[in-house]
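Here are my notes on the aromatic side chains, as promised. Have the model open while you read.

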Amino acid sequence: MAIVDLTAAYLRALQLPATGRLEIWDSKTEGLCLRVTSKGSVTWSFRYRPRNGAAYERITLGPLKALSLADARERAARHRVTVLDGGNPQKDRRDGREAAKTALTFDALAAQYITTYAKPNKASWKQDEQQLARPRAKLGSRDMASITKRDLIEVLDEIAKTAPVSANRTQTILVKMLNWAVESDLLSANPISGLRKRGGKEAPKERALNDAELRVLWKSLLSPEDVGEDVADALLLLLLLGQRPIEVAGMLLREISGFEDEERAAWECPASRHKSRRAHLVPLNTYARRVIRLAIERRQRDGDEHGSVFASKFTSRATLARHSLSQGLGRVIERMVVQGPDADAIRSLKAHPPTPHDFRRTVISGMSALGITAENRRAVTGHSEKDVHGTVYDKYDRLREKRAALGAWETHIGLVTGAVEKRPATNVLTLKKRAVQ
């Protein structure tokens, strides 16, 4: 057994042993091992001892040709966190193989992917479930061993005829699911690995509101007509905080702390609902608190016992539906009349309607224009760092920096919309139409 300070240069110069198998252990990442055989197999693995005191376990991470040293270290770090939390990744993999010993149909694989991988790891798992609906309807009862690349292409091409973007989204989820099945030893290969997007090339999304469009939308959301106040206020909060629509729509009262203290007020989106699968702390400055207070007062007035901040019009839901934000924004823009001093901005909104997620891009771009550093913009929006330093070691929440960044953005909104009440040494956002006492 060799313990080595592994580097990319060392791996490039790696020689196969004359016979048998050589194990090279990384001195910087405990448990990370590179297994090299005389037959040319070079594979990363991670060895660990479960917290229940059982014998050492080893889980294969992948071949060197597909997994760089940095990627292998990151995977090992993720598994170590799982073990520290009481998990056993190799046992989970074995259990998955046992569950798959019965005939593995496409529908069974999709269900297992959603339950075993998507739900624990993706806040957007419901979107995965939705994207898999049409392939499951077409191929659900088929044994996975009988499904070919041509079968999957036909499903994707059928979707692409009417919804090319949806076809691309479905293909992305299919590739993810099939890669997961290969990694979990449920399939030997992914039949559509490397397949070009059947919906065609998509232009990158670039829509962000300019200041004139921001002013027009702000004014409309303060006095909504065909849109409920919960939807309007949730959209206002998106413009103020730059968070993901699905996370704001599902906001709960218990996630908010220090609400009456301007220096401590914050919303913690839990790991179970955040895309990064890490809890994300968002400071609440003056106007964000006022918007939330309006919603809370409505919940109290209506006797709502669900504990949600924004209520859904559907009795079967406790929180606001994500698609309600898209529909509401569409109705707000549709009702606008192209006239007056804001005619150009309204015309632009109608010609290129933004989505609620474009509000996030608007906030990020706006903070950048205000001179907010990239590190603090990422902290505000919850974009996680991809290296081990960011995902495992750096636990500082940057709350002070986030509060300052969002305060600067809030002041900018006030200046753009005319909703700033100038006071000595302070700028305080106020509501023009729905004032809060």
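1. Start with the cluster: Tyr113, Tyr117 and Trp180 are linked by ring pairs. Rings here are those of Phe, Tyr and Trp (its six-membered ring), and they pair if their centres lie within 6.5 Å; planes under 30 degrees apart are stacked, over 60 edge-to-face, and the rest tilted. Bear in mind that this is a predicted model, where local features need pLDDT of at least 70, side-chain atom pairs count only at pLDDT 80 or more, and totals for chains, interfaces and linings use all residues. Residues are numbered from 1 along each chain as its sequence is written, and side-chain values use heavy atoms, with hydrogens and water left out.

2. Searching the whole structure turns up four aromatic pairs. One of them is Tyr113 with Trp180, edge-to-face, at 5.9 Å centre to centre and 65 degrees between the planes. Tyr113 belongs to helix α4 (residues 106–121) and Trp180 to helix α8 (residues 164–183), so the pair ties together parts 67 residues apart in sequence. Helices are DSSP runs (H or I, at least four residues), numbered from the N terminus. Both Tyr113 and Trp180 are buried, meaning under 20% relative accessible area (1.4 Å probe, protein chains only).

3. Now look at Trp218 and Tyr287: the ring centres are 5.2 Å apart and the planes at 40 degrees, so this pair is tilted. Trp218 sits in helix α9 (residues 211–222) and Tyr287 in helix α12 (residues 286–302), which links distant parts of the chain, 69 residues apart. Trp218 is buried at 3% relative accessibility, and Tyr287 is buried at 1%.

4. Finally, charges over rings. The charged end of Arg47 sits over the Tyr56 ring, 4.2 Å from its centre (the criterion: NZ of Lys or CZ of Arg within 6 Å of the ring centre and within 35 degrees of the ring normal). Lys119 has its charged end over the ring of Trp125, 4.7 Å from the centre.

Note on methods. Helix = DSSP H or I, 4+ residues; strand = E, 2+ residues; numbered from the N terminus. Buried < 20%, exposed > 50% of the residue type's maximum accessible area, 1.4 Å probe, protein only.
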